[in-house]
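Subject: Structure handover

Hello,

Here is the structure I said I would pass on.

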Amino acid sequence: MLGKLARQIDPNVLVGFDKADDAGVYQLTPELALVQTVDFFTPIVDDPYTFGQIAASNALSDVYAMGGKPLSALALVCFPEKADISILEQILAGGLSKMVEAECTVIGGHSIRDPEIKFGYSVTGTINPRRVLANSGARPGDALVLTKALGTGVISTAVKKGTAEMEWIDAATRSMTTLNRRGAEISLKYDVHGITDITGFGLIGHAREMALGSGTSLRFFASAVPLLAGALECVARGFVPGGLQSNRAFASSCVEFDASVPENLQTIFYDPQTAGGLLISVNPSQANALVKELRESGVPAVNVGEVLTKGKVLIQITG
């Protein structure tokens with residue numbers, strides 16, 4: 001919808017909404033730029049404190065995906081008029097705990113009465129204008145590294161249905177409450193050409209944006225892509241969120257799956273993620289070293305694919 005409005009011309013906008021990137025970047029000086037993002041959503045877990053943590057991790061992720069450092073945040077709150085205010089206190093406390101971990105200061109916010117709880121943040125950070133890791137930077141020959149397993153969408157759907165096993169819930173919660181900070185900071189030490197975080201559009205949706213932005217094609221090795229415990233079982237039981245179906249309807253025309261990739265696994269690649277991992281396009285000569293350092297620091301990174309010269313198929317998924 002923004003694209004239908006009158007276009008603003010500002011040479012200081014290095015990354016705007018027309019780029020389909022993770023966050024906006026606005027240059028202040030030759031050495032300094034702001035990176036800005038906003039994200040909020042309805043609860044996806046029952047515990048208010050954990051919901052606040054997930055919302056904060058998700059909002060911060062877009063700054064990390066650009067290679068930026070979060071500095072300040074504004075809370076966005078929608079809360080029912082007659083609901084127990086202690087629930088909101090717990091949500092805010094959970095969010096604050098992750099902002100403290102990120103060394104990002106919450107300096108205010110805005111709240112409205114709403115029948116449905118919604119929570120998130122607008123986050124502002126800083127970045128070197130010459131080191132913006134946009135999703136359009138991928139180069140043919142690059143290796144693709146993923147820092148978190150897939151499956152939070154289907155597992156969250158199982159939670160809402162009351163049928164998720166505790167092992168699945170624990171694994172998904174750990175993933176969603178883990179900041180992408182370490183992944184971003186370590187990546188900046190290597191010859192990384194582009195990064196995006198895997199969130200609502202799923203792996204394929206965000207890979208599509210990377211491929212289109214960089215004028216390349218991407219190939220993923222299905223057997224290498226990490227999955228959360230219970231993810232495939234959730235698909236087999238039919239716990240498929242509406243967002244997954246929308247992602248598949250939108251992006252399936254640009255994807256080619258090998259016949260060896262099982263249908264349930266294909267479905268997971270469209271799963272909308274909350275606070276998902278980083279997809280990193282890195283010089284192939286440094287990929288193994290990057291993965292090694294990430295894993296040694298506690299980030300479960302995996303080499304999941306490669307960047308190709310643009311072909312007829314935008315995204316290939318091999319067995």
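In the largest nonpolar core, which has 96 residues, Phe220 and Phe269 touch the most other members. A nonpolar core here is a set of buried Ala, Val, Leu, Ile, Met, Phe, Trp, Tyr and Cys residues joined through side-chain atoms within 4.5 Å. Buried means under 20% relative accessible area, exposed means over 50%, and partly exposed is in between, with a 1.4 Å probe and protein chains only. Helix α1 (residues 48-65) gives the most to this core, with nine residues. Helices (H or I, at least four residues) and strands (E, at least two) are DSSP runs, numbered from the N terminus.

This is a predicted model, in which local features need pLDDT of at least 70 and side-chain atom pairs count only at pLDDT 80 or more, while totals for chains, interfaces and linings use all residues. Residues are numbered from 1 along each chain as its sequence is written, and side-chain values use heavy atoms, with hydrogens and water left out.

Phe269

Phe269 is buried, at 0% relative accessible area. Apart from neighbours within four places in sequence, Phe269 is in contact (heavy atoms within 4.5 Å) with Leu150, Gly202, Leu203, Ile204, Ala222, Val225, Phe257, Val261 and Ile317.

Aromatic rings

A pair of aromatic rings is described by the distance of the centres and the angle of the planes. Rings of Phe, Tyr and Trp (its six-membered ring) pair if their centres lie within 6.5 Å; planes under 30 degrees apart count as stacked, over 60 as edge-to-face and the rest as tilted. The structure holds five aromatic pairs. One of them joins Phe119 and Tyr121, edge-to-face, with 5.1 Å centre to centre and 75° between the planes. Phe257 counts as buried at 19% relative accessibility. Ring pairs also link Phe41, Phe51, Phe119 and Tyr121 into a cluster.

Positive phi

Most residues other than glycine have a negative phi, and most peptide bonds are trans. Glu103 is not a glycine, yet its phi is positive, near 55°. Glu103 lies in the loop between α2 (85-101) and β5 (105-113) and is partly exposed, with a relative accessible area of 48%. Ala275 also is not a glycine and has a positive phi, about 50°. Ala275 lies in the loop between α9 (263-268) and β11 (278-282) and is buried, with a relative accessible area of 1%.

Single residues

Is Phe239 buried or exposed? At 11% relative accessibility, Phe239 counts as buried. Phe239 sits in the loop between α7 (231-236) and α8 (242-251). Leaving out neighbours within four places in sequence, its contacts are Val154, Thr157, Ala158, Lys161, Thr163 and Cys234. Phe239 and Arg139 are 100 residues apart in sequence, and their C-alpha atoms are 36 Å apart in space.

Tyr49 belongs to helix α1 and is partly exposed, with a relative accessible area of 34%. Not counting residues up to four places away in sequence, Tyr49 touches Gln90, Ile91, Ala93, Gly94 and Ser97. Tyr49 and Ala231 are 182 residues apart in sequence and 24 Å apart in space, C-alpha to C-alpha.

Glu165 is in the loop between α3 (152-160) and α4 (166-176), and at 35% relative accessibility Glu165 counts as partly exposed. With residues up to four places away in sequence left out, Glu165 touches Glu233 and Arg237.

Regards
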